[in-house]
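Let's take a friendly walk through a protein structure.

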Amino acid sequence: MGSNVASAHPQANSKEFVLALPPEFAAAHSVVLVLNDVRLPKSAAVVLRARLAEGEAEIPLGSIGVLAESKDAQGTATHAALRIDITKTLLRWRQEHPYASAVRIRVVPYAGKEALPDLEWSAASASLTLGTR
Amino acid sequence: MSQAKFPFANSRRTFLQSVGAGALLIPSVSHAVCEPPGTPGSARPWRADCRPIRARRPASTLAAAEIQKLKDAYKAMRDLSVSDPADPRGFTHQANIHCWFCSVSPTPVHGNWQFFAWHRAYLYFHERILGKLINDSEFRLPYWDWEISTHRKMPSAYTSPNNNTNPLWNGTRAMSPSDDLPEEDVNEDVMEPVYSAANFSEFGGTGAFPGIPEGSPHGSVHVDVGGFAGDMGAFDTAGRDPIFYAHHANVDKIWSDWNKGASSHENPTDAAFLNLSWSFYDENRIWRSIKASQLLNHETQLRYNYGLSRFREILPCILDWIIVRPPWRFDRPVVVEPRFRDQIMKALDERRPVRMHINYPQIPLDRSAVYRVYADPKEAEADNGTKSPAFLGVIPVVLNTREKHHPPKAPQVVLNVGRRISDLLHSTDGIQLAFVERFTTRKGAPKVQLLNAKEVYFSYGETMRE
């Protein structure tokens, strides 16, 4: 399993989603976390890091980098869908939790190694998309 | 949604003040000017590239001399922005190409299947300009192979020295020379799904959606390097950081590796994709348009690879064949006048392919045979084949046994001309073609015959255009 990241106090502006694991999940070729209707400041360069939340611990799942339009841009950019491939870590986790029916995923904004606790952003929903060969 | 309160809101301005942006070596780049780089519709079509195929190599493995060459190239590009701000090959203009296509262009090159192809074209022209500025057609960009666990730091060429005396430096980076890229943005858990993407839609996106790697690792590395306020983190400024080009060379390599990974890893064949077209200034300041279909094989079309070649340069890459037609009389030797001779000799000296064309050679067509052709009857008499300085090649005749006849006339024969015939080219007696049947055992067969033909002329391959 990937490294656990202790997180006694989840970042205030992180978003949590509890997602049901589809029955065909274990046989999937790929598992993609889709963040729907994500709104970010146009001037923000952000890496959204998805973590699997287990109590106060977090396990890195994957990330997506979103470039700013411009540092001088005003307003909000809306991304209809941001996709993060979380296949490897989630399938490994599944082997250790064969009876789990849902997963709690926390998405945290970063800029490089710096967390962005004051960034205002939103994601309307999240879902898991399975890919098969 | 209200404007966010950003923790580093002033950091960029403060930083630029602290490092004294606009120092002598590195010209100040003011707010991005995202005007279109050329006049739409006026571009000349890109033509084939015949430079030698050379490898793009990991930036971390460059030798000191190669790093210096890279720095010299970027210094020349930066200097050009100062000495001639209107020159489209200058660094500021080069950076603003990304600004235009990624922030202003009505057809964005991010977030859809243009992403990989457009950046390949951008880097290609950028690379050729860098090579031109240091007069080295073999110059190729290095790549930052951050997916390798030991290469997570920025390559030292880009950070050493870590100040504005280094043409590869950028003062707005959030990542320090000692920082590693965050593991979770570039590790094998990220890369494996990229390399195993089942089809191009998954890998490189569609006309409406991006592929997986555009967000991560590509986007993540941008933001990791630039942080919240650095050039690399924003579309309009990313091209201002020279490490952008090493980062995107690696993204391009990942596309190349994905293509090689499985037979099903094919690029789109839709005309809508293949006919995607963009324009860039080339190394000679000529505004060129290039199509996606012209860059899908970077090795044969754009003349670079990533070290493991699938194509060996065993065949010459020819742009055009230039005809040299000395006066020719049916019954006389070919006397090559100096003006023609100089053309041919120049081509031979430059190791370009030179050919002799013999139209309708008068050779026996009544039986199958192989005839050796020489540019000198005495050499034909000796018949030493490839050891002879006058040997031009062979003309095979294969009898059609079913119809008992040959094609009525042997059409054009094309023979390669080697450097060894230079003495004959200079001869005032001219070139007298002769042929001899190879390995003949027939009694009474003439050993050597003069070769006449309807026409004889030369051509040579043009491999470079200025």
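Setting aside neighbours within four places in sequence, B:His265 is in contact with B:Tyr195, B:Ala197, B:Ala198, B:Trp258 and B:Asn259; contact here means heavy atoms within 4.5 Å. Before we go on, some ground rules: this is a predicted model, where local features need pLDDT of at least 70, side-chain atom pairs count only at pLDDT 80 or more, and totals for chains, interfaces and linings use all residues. Residues are numbered from 1 along each chain as its sequence is written, chains are lettered from A and ligands numbered from 1 in the order in which they are written, and side-chain values use heavy atoms, leaving out hydrogens and water.

Back to B:His265. You'll find B:His265 in the loop between α9 and α10 (271–274) of chain B. Helices (H or I, at least four residues) and strands (E, at least two) are DSSP runs, numbered from the N terminus. Is B:His265 buried or exposed? With a relative accessible area of 6%, B:His265 is buried, where buried means under 20% relative accessible area, exposed over 50%, and partly exposed in between (1.4 Å probe, protein chains only). Its side chain also reaches the backbone oxygen of B:Trp258 at 2.6 Å.

**Helix α9**

Now for helix α9 of chain B, residues 243–261. The expected span of a helix is 1.5 Å times one less than its number of residues. For the 19 residues of α9(B) that gives 27 Å, and the end C-alpha atoms are 27 Å apart, which agrees. Because 16 of its 19 residues are buried, α9(B) is largely enclosed by the rest of the structure.

One residue of this helix is B:Lys253. At 13% relative accessibility, B:Lys253 counts as buried. Not counting residues up to four places away in sequence, B:Lys253 touches B:Tyr143, B:Glu147 and B:Tyr306. B:Lys253 and B:Asp145 sit 108 residues apart in sequence, with 8.9 Å between their C-alpha atoms.

**Rings that pair up**

How many aromatic pairs does the structure hold over all chains? There are 27. Rings of Phe, Tyr and Trp (its six-membered ring) pair if their centres lie within 6.5 Å; planes under 30 degrees apart count as stacked, over 60 as edge-to-face and the rest as tilted. Here are two of the pairs.

| Pair | Centre to centre | Angle of planes | Kind |
|---|---|---|---|
| B:Tyr74 and B:Tyr245 | 6.2 Å | 35° | tilted |
| B:Trp113 and B:Phe273 | 5.3 Å | 65° | edge-to-face |

The tyrosine pair links distant parts of the chain: B:Tyr74 is in helix α2 (residues 64–83) and B:Tyr245 in helix α9 of chain B, 171 residues apart. Both B:Tyr74 and B:Tyr245 are buried. The other pair links distant parts too, with B:Trp113 in the loop between α3 (91–104) and α4 of chain B and B:Phe273 in helix α10, 160 residues apart. B:Trp113 and B:Phe273 are both buried.

**A sheet in chain B**

Three strands of chain B make an open sheet in the order β1-β4-β3, with mixed pairing. Strands pair if DSSP finds at least two bridges between them. At the edges stand β1 (44–45) and β3 (277–281) of chain B, each with a single partner strand, so one side of each has no neighbour in the sheet. β1(B) and β4(B) (residues 287–291) pair in the parallel sense over two bridges, and B:Arg44 has B:Arg288 as its bridge partner in β4(B).

Note on methods: A polar contact is a pair of N or O atoms within 3.5 Å; within protein, one must be able to donate a hydrogen and the other to accept it, and residues adjacent in sequence count only if both atoms are side-chain atoms.
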